[in-house]
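This report describes a single protein model, shown below. Please keep the structure in view while reading.

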Amino acid sequence: MATYQLDITKEHCPMTFVKTKVELSKLSGGDILEVSLLKGEPLENVPKSAEEQGHEILKVSQVEGDVYQVIIRKK
């Protein structure tokens, strides 16, 4: 199991989940992806879409200001 990071704080929907999905496709099952994103649409859509794809959301936390981190385990 490995941990990877993805910063999509400068992206806008729908590119936020597109980039997350592409990055997840590169990982092996059980790997962790730590996604940095902004409050609002990205924070609402990325975790929901990742779960719909069958992945597990381990944690969602505020880093600072409008920046959040979503930790996803690839299934």
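The model is predicted; local features need pLDDT of at least 70 and side-chain atom pairs pLDDT 80 or more, while totals for chains, interfaces and linings use all residues. Residues are numbered from 1 along each chain as its sequence is written, and side-chain values use heavy atoms, with hydrogens and water left out.

## Helix packing

Helices and strands are DSSP runs numbered from the N terminus, a helix being H or I with at least four residues and a strand being E with at least two. Two packed helices are described by the angle between their axes and the distance between the axes. For H1 and helix H2 (residues 41-52) the angle is about 35° and the axes are 9 Å apart. Axes here are lines fitted to C-alpha atoms, for helices over the stretch in contact, and the angle, from 0 to 180 degrees, is taken between N-to-C directions. H1 and H2 cross in a right-handed sense. On the H1 side, Thr16, Phe17 and Thr20 make the contact, and on the H2 side Pro42, Val46, Ser49 and Ala50. Contact means heavy atoms within 4.5 Å.

Thr16 lies in helix H1 and is buried, with a relative accessible area of 0%. The terms are set by relative accessible area: buried is under 20%, exposed is over 50%, and partly exposed is in between (1.4 Å probe, protein chains only). Setting aside residues up to four places away in sequence, Thr16 touches Ile8, Glu11, Pro42 and Val46.

Phe17, also found in helix H1, is buried at a relative accessible area of 13%. Its contacts, apart from neighbours within four places in sequence, are Val46, Ser49, Ala50 and Gln53. Phe17 and Ile72 are 55 residues apart in sequence, with their C-alpha atoms 12 Å apart in space.

Met15, Val18 and Val22 form a nonpolar surface patch with about 230 Å² of accessible area together. Residues in a patch have over 30% relative accessible area and no salt bridge; nonpolar side chains (Val, Leu, Ile, Met, Phe, Trp, Tyr) are joined within 5 Å, and like charges within 9 Å. Accessible areas come from the Shrake-Rupley method with a 1.4 Å probe, and for residues only the protein chains shown count as cover. Val18 lies in H1, which spans residues 15-25, and is partly exposed, with a relative accessible area of 40%.

## Salt bridges

Side chains of opposite charge can pair when their charged atoms come close. The structure holds five salt bridges, each a side-chain nitrogen of Lys or Arg within 4 Å of a carboxyl oxygen of Asp or Glu. Among them are the following.

| Pair | N to O distance |
|---|---|
| Glu23 and Lys26 | 3.6 Å |
| Arg73 and Glu56 | 3.2 Å |
| Lys75 and Glu56 | 3.4 Å |

Glu56, Arg73 and Lys75 are linked in a network of salt bridges. In the bridge between Arg73 and Glu56, Arg73 lies in strand E4 (residues 67-73) and Glu56 in strand E3 (residues 56-64), so the pair ties together parts 17 residues apart in sequence. Arg73 is partly exposed at 27% relative accessible area, and Glu56 is partly exposed at 30%. Glu56 also pairs with Lys75; Lys75 sits in the segment after E4, and this pair links distant parts of the chain, 19 residues apart. Lys75 is exposed, at 57% relative accessibility.

## Loops and the cis bond

Most peptide bonds are trans. Cys13 and Pro14 are joined by a cis peptide bond, with omega about 10°. Pro14 lies in the loop between E1 and H1.

Lys10 lies in the loop between strand E1 (3-7) and H1 and is exposed at 75% relative accessibility. The C-alpha atoms of Lys10 and Ser36 are 9.8 Å apart, and the two residues are 26 residues apart along the chain.

Asp66 is placed in the loop between E3 and E4 and is partly exposed, with a relative accessible area of 45%. Not counting residues up to four places away in sequence, Asp66 touches Leu37, Leu38 and Lys39.

Technical notes
A crossing is left-handed if the near helix is turned anticlockwise from the far one by less than a right angle, and right-handed if clockwise.
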